[in-house]
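These are my notebook entries on packing, pairing and chain contact. I begin once the sequence and structure are on the page.

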Amino acid sequence: MTTVASSGNKGKGVRSDCFVSIEITQNGGIEIILESKVKLMFGKSILQITNEILAFFEIKNAKVTIEDTGALLFVIAARLEATIKQLIKTDKEFLLPFLSQNNYQTAKDQNRFSRLYLPGNSPSLMLNAGVHKPNGIILDLEDAVAPDKKFEASFLVRNALRNLDFYGAERMVRINQVPKGLDDLDFIVPHNVNLILVPKCESADQIHQVNNKIEKINKKYNLTGNIWLMPIVESALGVIKSFEIATAAPNVVAMAIGLEDYTADLGTRRTAEGIESLFARSQVVNACRAAGIQPIDSVFSDVMDMEGLKNNVLNSKALGFDGMGCIHPRQIVVIHENYAPAPAEIEKAKKIVIAFDEATAKGLGVVSLGTKMIDPPVVKRAQNTIDLALKTGKINQNWKEEQHVS
Amino acid sequence: MSANFVKNALGRLVPTEVNGVPQVPYMGVGKHKPTGRKYAPQIVSCSDFPDDGNKTVATLKDALIKSGLRDGNVISTHHHFRNGDLVAIQIFDIAKELGIKDLVWVPSASFECQAVLTKYLEDGTIHHIEGSMNGSLGRFTSQGKMKGTGILRSHGGRYQAIQDGEVVIDIAVIAAPTADAFGNATGDRGPAACGLLGFALADSQYANKVIVVTDNIVPFPCYPWQIQGNYVDHVVVVDKVGIPEKIVSGTTEVTKSPDRLLLAEWTAQFCDEAGIIKDGFSFQAGAGGTALSIGIYFAEILRERGMKSRWARGGSNKYLVKMLEEGLLDYILDGQTFDLDGVRSMRENEGHVNTSPFTSYNYHGKGNFASMVDVVILGATEVDVNFNANVVTHSDGVLLHGIGGWQNCIASKCTILPIPLFRDRMPVVRDEVTTICGPGELIDVIVTERGIAINPLRKDLIEKMKNSKLPIKTIEQLKQEAEAICGIPDKPKFTNKPVAVVKWVDGTIIDTVWEIDNT
């Protein structure tokens, strides 16, 4: 094995990260050179964790250089471990105590309006992600991580799952494409990941492979929590196979479409109008509804264009999608606001549900509002709107009473 | 250091003497009230000045020599060009050339463009700085390299110190974008237009000698004027007086950071829920991306409800100007001009009013605009569990910023500090701040991305926010949350040598900045 390795980011604009390089030496003990913008306040703490980790992996002679830009402990630990594991062969893992507030499960049908993508190797973007209250936070091991950074990213993502506060957001990871992505599962399944995104999915078999590996890991660690899957179809074949994928396993709770890769596969490109992807999006919505899972739309890439995002969301909702990805925290509010039922929609739904209640109370088979007859599917849709309005805090639990008072 | 130290009313150790001058320790808000008469400038006679009003001299060097520049003089400059100042450095280049030593530099604020002056602090041309020591100058000071002890003052404190005779300016050099030969000067026009020259007002009135430097001389009268020529001794014409584009420094651009925008949004929501935003209310948003963004949210709320704000104080910028021109705001009471839209508006809009530290901040005035503001939004480097805040040093103990108008502004009816709970790994909400610049009793609300703390003294605000959906927490909770994420930082080590003192708005010493111990 090689005797010199490094990991982490440094250079202009890098914050809350650290770059670690280690040279294994033959003698002379441990020598640590620390450069840190918080050296005065946290120098001792950084040296302490470094010594602890070196001892944990039984490294006795090494020259360690740390260039720290204010990284939190779990980041430093991830960088050290990723570096050490390029130098020695070991099955040991250095884990900081699991943050108790991250110990929650999510429901199969919970709201998934927004899921915020975070590059899996960029600590500074992770720290405050939860305070922006996306429905889900995705630590991305796939396209947002450069190929030569994938190894170190898996340690950072593992440690983030354990020690970064997600503030109640659904804890998601996008693994690499199967089969490579199967290796990622070792880093995430034992650490209470709620949902795994399976990218570039083209068959039910890929879902089965993921589930088999999850089951193996669950057995090994005696884990019982739910892990949901959200396959992403990103190719012509994926779109054609979407129903097969959507029904591949009971833990598939949603399916997303990735339009950048899909349009490339078609030999076309994304436009603002999205006419080139209309078939694919409709197909995915249709497959999801047929399978009883949530259809999830692609991301909107212009982070400064809030008006464009809003229109995109309204179109997406009109096509039948339940949510979409986002790549910037500022997109979250716009996404939530516009997938959630609009005030006029809610008012209409309230009237229909009340009319239905009254008709039922009177034993009438036919529901009418004013002079108009209301069909059963309309009642069902109104009830769905009310459920969603309740879930998103647009109305109170006791809205019916309030309605009667007013 | 021969001076003794005492504990002031906040329990901070402060020297009883600074640069040989006896000092008063901070006594509490509004407790120190000197009596007697204010300092008065020297008597001059108009017969000593040219009847034709032509006070021009060939060069700045001539003007300084004519003004009697000598060892130990107190020299003042002003920061209306912010990072585009070209005059301050020239003064000390000339002093060096003339072999003059031990000058005291009294800038209304220093900027990074003046970092080269450390060489004159090193060689003894400048003895010490009174005003602000930013960036490199601050770091230099913290290392104990300045010959004398620095004095940090707020914009209002500068006016107070001049009126108390605490600062007696020998020569004031006022960089002016436009002036006439008599010395009438203004900042709102000319190729280097920078806006308001308000920080130079006190100097023009009280300094023994006043030099106006301009690159745009116009025939008498330079009207409207901001500085009156009747105070001016000499006028110097140069090729370039300042770089107007650089008056827009980094902190005067609205933020794009999602975290800061969240702070801005919550702050605006807080103000709304607390009933502060109403028809006719007044506000001030300081420099800094977060504060500026809050103005945008205020504007949105006003527009939506068909209301308007009566007046906004503080640094004018394109966002305030937009509100003024859209009719969402009746008056901008401009204290300094943050960008070129502000400069334009100052020329064009009747509702854009020139103010000064005298109207807004002066402790020896009969009232102040600053205390009348309904809500002021400011920043801080650190806040402690008693709501005391720091704006001059960082947690590593290094002096890096000036006070600006910050201390004066916290006199407002409601002071809100939107700040991150931690920066990288440094907690911002702490047990104890490194340096106290403002007493906790004047700081009402801390808004962080992980929760909002209301000062327990503000029972009214606590009551109003009782049912708010905003994450209201105690300051203790915030501190604990920060420490849980970052760990507990070690404190910096200091020697027992004060390198600077922080003055409160009344001239007393609120805290001491100590030399960093590098051993």
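Which residue of S25(B) does B:Asp384 stand opposite? I found B:Arg430 in that place.

Basis of the entries. I worked from a predicted model, in which local features need pLDDT of at least 70 and side-chain atom pairs count only at pLDDT 80 or more, while totals for chains, interfaces and linings use all residues. Residues are numbered from 1 along each chain as its sequence is written, and chains are lettered from A and ligands numbered from 1 in the order in which they are written.

Entry 1, sheet in chain B. I looked up the strand order and noted an open sheet of 3 strands, S21-S20-S25, with mixed pairing. Helices (H or I, at least four residues) and strands (E, at least two) are DSSP runs, numbered from the N terminus; two strands pair if DSSP finds at least two bridges between them. Strand S21 (389-390) and strand S25 (429-430) of chain B are at the edges, each with a single partner strand, so one side of each has no neighbour in the sheet. Strand S20 (residues 382-384) of chain B runs parallel to S25(B), and 2 bridges join them.

Residues making the contact include A:Ile346, A:Val353 and A:Phe356 of H13(A) and A:Val379, A:Ala382 and A:Ile386 of H14(A); residues are in contact if their C-beta atoms, placed from the backbone, lie within 7 Å.

The contact joins A:Ser154, A:Val157, A:Arg158 and A:Leu161 of H4(A) with A:Asp184, A:Phe187 and A:Ile188 of H5(A).

I found 20 residues of chain A in contact with 17 residues of chain B. On the side of chain A that touches chain B, helix H1 (residues 39-56) of chain A gives the most, with 5 residues.

Note on methods
Two residues are in contact if their C-beta atoms, placed from the backbone, lie within 7 Å.
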